[in-house]
Amino acid sequence: MPKIKLNGKEVEVAPGKTVLQACVDNGAFVPHYCWHPGLSPAGNCRMCLVKVSNSRKLEASCMYPCSDNLEVTTEGPEVAKGRQDVLEFMLINHPLDCPICDKAGECDLQDYTYAYRGGVSRFRDKKVIKHTKDLGPNVRIWGSRCIACTRCVRFCEEVAGTGELCLVNRGDHSVVDVFPTIPIDNPVSLNVVDLCPVGALIDRNFLYQARVWFARETESVCASCARGCNVKITALDNRIKRMVPRVNADVNTWWMCDEGRLNTRYLADDRRLTASKGSARDLDAAARKGNFGIVLSTYQTIEEMWLVKRLAEAWKAPVGFLTLTRGERKKFGGLVIEPDKTPNRRFAEKLFGELKPVPAGCKGLFVLNGIPELEGPPELMAAANGAEFLAVSDLRKGPLVEKAQVVLPACAWAEKDGTFMNVDGRVQRIRKAIEPPAAVRAEVAWLQEALGTEPLSAEGVFLQAAKEVPALAGLDYGKLGNQGAASNGH
Amino acid sequence: MNREFGAETLVELERICARYPRREAALLPAMRLLEREFGCVDEPGMILVAKLLGVSPAHAYGVLTFYTHFRRSSDAKVLLQVCSTLPCALKGSESLYDHLKKITAGEPAITLKKVECLANCDRAPCLQVNEEYIDNATPEMCDQLVAQIRAGRWTPPGQIYSVPPNTHQPVLLRHVLEAGSETMEHYLARGGYKTAEEIVKSGRNPDEVVETVFKSGLRGRGGAGFPTGQKWKFLAKNDKPRYLVVNADESEPGTFKDKLLIDRDPHQLIEGIIIAAYAIRSKTCYIYIRGEFGIGAWILQKAVDEAYEKGFLGRKVFGTASEIDVTVHRGGGAYICGEETGLLSSLEGKRGNPKIKPPFPAVEGLFRSPTIVNNVETIATLPHILKNGVEWFRKMGTEKSPGPKIFSVCGHVHRPGNYEVPLGIPIKELIYDLAGGVRGGKKLKAVIPGGLSAPVFAADEVDNGYVKVDAATKAESRVPITMDFESIAGAGSMLGSGGVIVMDEETCMVDALWNTLRFYAHESCGQCTPCREGTGWIAKLAGRMERGGGRDDEIALLDEVAANMCGRTICVLADAAAMPARSFVKKFRAEFEAHARAKKCPYKHGHAPKPEPAGVGSH
C-alpha cells in the first residue's frame, strides 16, 4: 500500500485511491463540487485543488493518483488562494439570489464562499442568464445557478441508466438541460436535487416550502418498501416538507426513490382518521369472549408486532396479515426498490412464521392496518362483514372504520418511534419527526393498555422483545444507532 | 413528426458504424447524414440517430449543442458565415458583417452568422456560403453575392490556391500549385508512395522507423512542438488495438497550412499515414478534419478511396500482410477539438471535452486504447524524412528544431500566405523579406508569432530582438528572435502552430485583444470553472475597455483574472486565452490606459495617438 504524507502526517492509502479519497478517508477537509463518491470522477469544478510534491502547480485532488511518498498539502496560503480564485470564477455569473433559493442554508457554494472569501465582487459586467424551467414532474432548474459540475448528468447516465439530462452549449453558456421533448421522469429522479451542490436543481415539491434553518431534521427510515432506505425527514410547523436520503452503505448507499420521498402526503390527508371510538380496554373485553381474530399489516413496527403477538396469545386469536406488493424489483446502482411495499414483513415472518391470510369466520375481529394506501381488500371486507364485533386501527376513514365498534386511529410511521426489519434482516430505527394529530396515540401505548401491562416506551418494548425474540437478541436502540444493525442470524 | 432514413442511408450509416469499435462514435457522421437527408439536424432527427446509435436523445442533444457547424432547423437554405476572428477582423470583417447584416435583413433565403477562424487568413476577410469559401471579400462582392442568391443563380466561384514567392526551397509545399496535384496520378508521377511501399514491403522492424523519426528530431507541427519519435516511444505495450489519429482540426487562428496540404496534396499525407501506422503498429487511422473543411473532407475522402483502390490501404497494403484502415472523420465546429484529448472525446461521439492527463493518449487514448495523435504537417513530413534520411532533414533548421516548417503569415503584410522555410530563420526575414513587410507604408506594431494563443511581440522585439537578462550578472542584452521553438520560447512566447499574425501601427490593441478574447470565450468547452467563467470575464473586461466603459484599475484586474486562470484547468485553453491577455496588457499598457482615460477608443474616434511602439522595458 502506498504511503503518502498528508499535511505532514504519514498515512497509508489503498492502492488506486486518489488524493481526494485519501483526504476524505483521513479527515483532511478538501472542498469539492463535481466529485461524488457514488459517481465517476469528472475533474471539472477545480475546487479540490491541493499542493502535491511532484507538481509545481496546484492539482485537482479528485483525479490525482496517490503514489508512494507523495506529499500532499491541503492548507496554506497557496491552496487557499487557488480555492478563492475558483470560487470567484464560480460566482461571477451566479445570480446570488440566496434569499429566495431553496438551497440556501445547505449550499456548498454558500459554505465554501463563507469559508474562503470576503463578500466583495470584482465583476461589473452583465451576467450570463440561463433558463429557468421545469425539467420534469419533480425537478425544476435555475440554470443561472448551475456550476456545470455534471453530477446530475452522470447520475442519470450511471445510476438511473435513463440519461435524460445533458449539458448543452459550451463555455459560460453551458447549462444542464433535457432533450426538448423528453422530461426527466424516472423512479430516482429526485436524487439529482440532492446531488446538486448549488441551488440549480430544485425539488418542485419542496419549492418555497421551508427555510431549512427553521425546519427540523429527523433521522429515520423510509417505510415505503421493504428496503428501508435511511432518510432525513425535514419538518416545519409539524408538517413533513421533504425526505432526503442518508448514506448507508449496507442499505441504500447515497440514494432513495422518488416514490418513497413523496409518499408523505397521506399524513395530512383530509380523510385522516383522528377521532377514537371506544378504548383498548373495550377491545380486550370483546376479544376475551373468544372466537376472535387479528388482522395485522406488515407496516407495523417490531414493537407493535411484538405486543400484538402477546395479545394473540392471551386471546388465543389467530393472526392474519395485510401485505402489499407491487411491481418488480428495480436496481439503481446501490439502491434497490423492493416490490414489497411494506417496511416490516421480514420481522413478521420471523415472529409469526409463514404469514397467514385474513382469518375467516371469527365472531370478533381486530384490524391493525398501517398501510397508507390499502383500504379494505375483499377478503378483509368479507371477514369484517361476518363478524359481530369489529375493532379497527387505521390511518384513514373508510367503510371498515364506519362499521367498527372500536376505532383506534393509527399513528403514521413519521409520528412515532420504533423499529423495522428490512428485507435483508437489518433492524433500523424510525424516529418521531412530527406530532400525530391531537387525539392520536402511539399504537404501543394502547396495545399495552389492552394487554394490561405497565406502559413502556417503544424503546422499552423493544428491550423486552429482544429478550424473547431470537432474531433481536443482543440488540437495543443504542446498538442500532442511526445506521441500524444486522439482526441475529444474519 | 418522425424521421426515418431510407434503406440506402441506413446501410451507409451501418458502414460508417463498422469503422468504429463503438456505435456512438458515429454520432457526428450520423448528424451529417441528417443534414444531407433532411437539410438540418432537428429534434426528430436527433431522436432517430440516438435510437440508431444506442445513445439517449439527451446525449445527442448535448453533443449537437456543443458544436456550431451543424445546420439547425432555424437556418435558411443559404448559410452565410462571416469569419470574425482576429486575422479577418484586421482586414475589416467586422464592417463587412455589419454590411451583410444590412443587406440580408428580412431575406428569408439567407441566415447570416459569425464564425470563428476559417483557416483562410491569407485571403481575409473571408466568408463561407454553405460549404464554399469566398476569399478577399469586399462589400461590393457581398452585394453581388446576395443579389445572386436572391435571384437563385449563385454558383460557387471555386477555391483559389496560391503560395507567395519564397527564396527557400519548399519540401511539403513543392507541388501544391501544380494542376492536379491532389490526384493519385500526379502523386505517383512524382514518385509518390515509393517510400511507404519500400518500408512496408521490406518488412523491416517498425521500431527502426520509430528510431529514424526519433533521430531526425522532428517536432510536432501542431502547436506543442513535442518530439514525434519520443511520443511514439511512449506508446503503452499491451494487447489493445493501437490507434493513429491525424489531427486535421486546424483551427488555431492565423494558421492555414494544413488546409493547403489537405486540399492540394492529400496523398502526401496518406503516404505519411501509412509510414506512421507501420511504425507504431497501428491498423486503424482516423483523420479528424474540422467541420468547416467540408471541401477538404471531400478531397481527402476521394484520395483515401483512390489509395484503397490501388491497394495502398486496406487489408493487404502493397500486397503484403500489413493492414491499415483510414477513416475520414469530420468534426462539427469546435476549436477545442484541436486539443488532442478534446479531439479524442469528439471522435468518440461526445462533446469535445479534453480529458484529464495522465493517462496520456499514448497510454490510454481513443476508446481507452493506446493512441498517437499527430498533426497533418507532422505526418506529411514523414515520407520526406524516410526518403531522404535523417541527415538531410537535420541539415535544415536548428539543432533542437530541425527541418522545414510552414509558417502561415497573415494580417497587415504585403504578401500573406504560407512560407515553408527551415526552422530558425530570423523573424525579420519572414516578415519583412518574405512577406514583404507591413503594407501601405505603415509601421509595424505587433506580431503574434505562433497562432492566436501565443503571447504577442511588440515591434521593437521583432526589430531589435528581445531583452535577455543574464541570470548571473543581471546584465541585459538584445537577442534577435528566430523562428524556432527555443528562440521564440526564450523571447517569452511560443512557436505554436506557426501562424504569424502581423499588426500595423493603426491597430487598436485593446480592440485586437477583445476580438482575441471573444474567440476563447466562444470556444471554451466549459467544463473547468476557471476557463468557463474566466474566458467570458476577461472578454467582457476587454470589451468594456474598448467601448469606453473601462476603468484604470481594471487593467490590473484584467491581468490578475487572466493570471488566476493559468495552470488550474484540465487543458491549456485557459492559458491560451490568458497568455495573450497578459502579454497585451504588459506590452501595450499605454493603450489600455488611454482607453480608460478617454472613456472611448482613441483609434475609432479619429484621434489615434500616434502611439510610440510600446516596446519591452518602456513601461
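Visitor: What is the average pLDDT of chain B?
Guide: This is a predicted model, where local features need pLDDT of at least 70, side-chain atom pairs count only at pLDDT 80 or more, and totals for chains, interfaces and linings use all residues. Residues are numbered from 1 along each chain as its sequence is written, with chains lettered from A and ligands numbered from 1 in the order in which they are written. As for pLDDT (the predictor's confidence in each residue, from 0 to 100), 98% of the residues in chain B score at least 70. The chain B average is 95.

Visitor: Which stretch of chain B has a pLDDT below 50?
Guide: Where pLDDT is low, the predicted coordinates should not be read in detail. The stretch in question still has 25 contacts in the model beyond near neighbours in sequence, a contact being two residues whose C-beta atoms, placed from the backbone, lie within 7 Å. It covers residues 609-619.

Visitor: What ipTM does the predictor give the complex?
Guide: There are two scores for the complex here. The pTM is 0.95, and the ipTM is 0.94.

Visitor: How many helices and strands are there in chain B?
Guide: Helices (H or I, at least four residues) and strands (E, at least two) are DSSP runs, numbered from the N terminus. On that basis, chain B has 24 helices and 15 strands.
The fold also passes a simple size check: chain B is as compact as a globular protein of its length, because the globule rule gives 25 Å for 619 residues. That rule is 2.2 Å times the number of residues to the power 0.38, and the radius of gyration is taken over C-alpha atoms; for chain B the radius is 24 Å.

Visitor: What share of chain B is buried?
Guide: Buried means 20 or more other C-beta atoms within 10 Å of a residue's own, exposed means 12 or fewer, and partly exposed is in between, with C-beta atoms placed from the backbone. The C-alpha trace of chain B spans about 70 × 65 × 45 Å along its principal axes. Of the contacts in chain B with a separation of 6 or more, 72% come from residues 24 or more positions apart. Out of 619 residues, the buried share is 58%.

Visitor: And what share of chain A is buried?
Guide: Chain A has 14 helices and 23 strands, and its C-alpha trace spans about 85 × 50 × 35 Å along the principal axes. Of its 490 residues, the buried share is 52%.

Visitor: How far apart are the centres of domain 1 and domain 2 of chain A?
Guide: Domain bounds come from an automatic or database domain assignment. For chain A they give domain 1 (3-75) and domain 2 (280-486). Their C-alpha centres lie apart by 49 Å.

Visitor: Which residues of chain B have the most contacts inside the largest nonpolar core?
Guide: A nonpolar core is a set of buried Ala, Val, Leu, Ile, Met, Phe, Trp, Tyr and Cys residues joined through C-beta atoms within 7 Å. The largest has 356 residues, and H13(B) gives the most to this core, with 10. B:Leu430 touches residues including B:Phe407, B:Tyr419 and B:Met483, leaving aside those up to four places away in sequence. The two with the most contacts inside the core are B:Val245 and B:Leu430.

Visitor: Which helix gives the most to the side of chain B that touches chain A?
Guide: In all, 33 residues of chain B are in contact with 37 residues of chain A. Elements giving two or more residues to the chain B side are H4 (57-66), H20 (509-523), H21 (529-547) and H22 (553-565). With 10 residues, the top contributor is H21(B).

Visitor: Which peptide bonds around B:Pro358 are cis?
Guide: B:Pro358 lies in the loop between helix H15 (340-347) and strand S8 (371-375) of chain B, and B:Pro359 is in that loop too. Omega is near -5° for one bond and near 5° for the other. They are B:Lys357 to B:Pro358 and B:Pro358 to B:Pro359.

Visitor: What is phi for B:Arg281?
Guide: Most residues other than glycine have a negative phi. B:Arg281 sits in the loop between helix H13 (266-280) and strand S6 (284-289), and it is partly exposed, with 16 other C-beta atoms within 10 Å. Its phi is positive, at about 60°.
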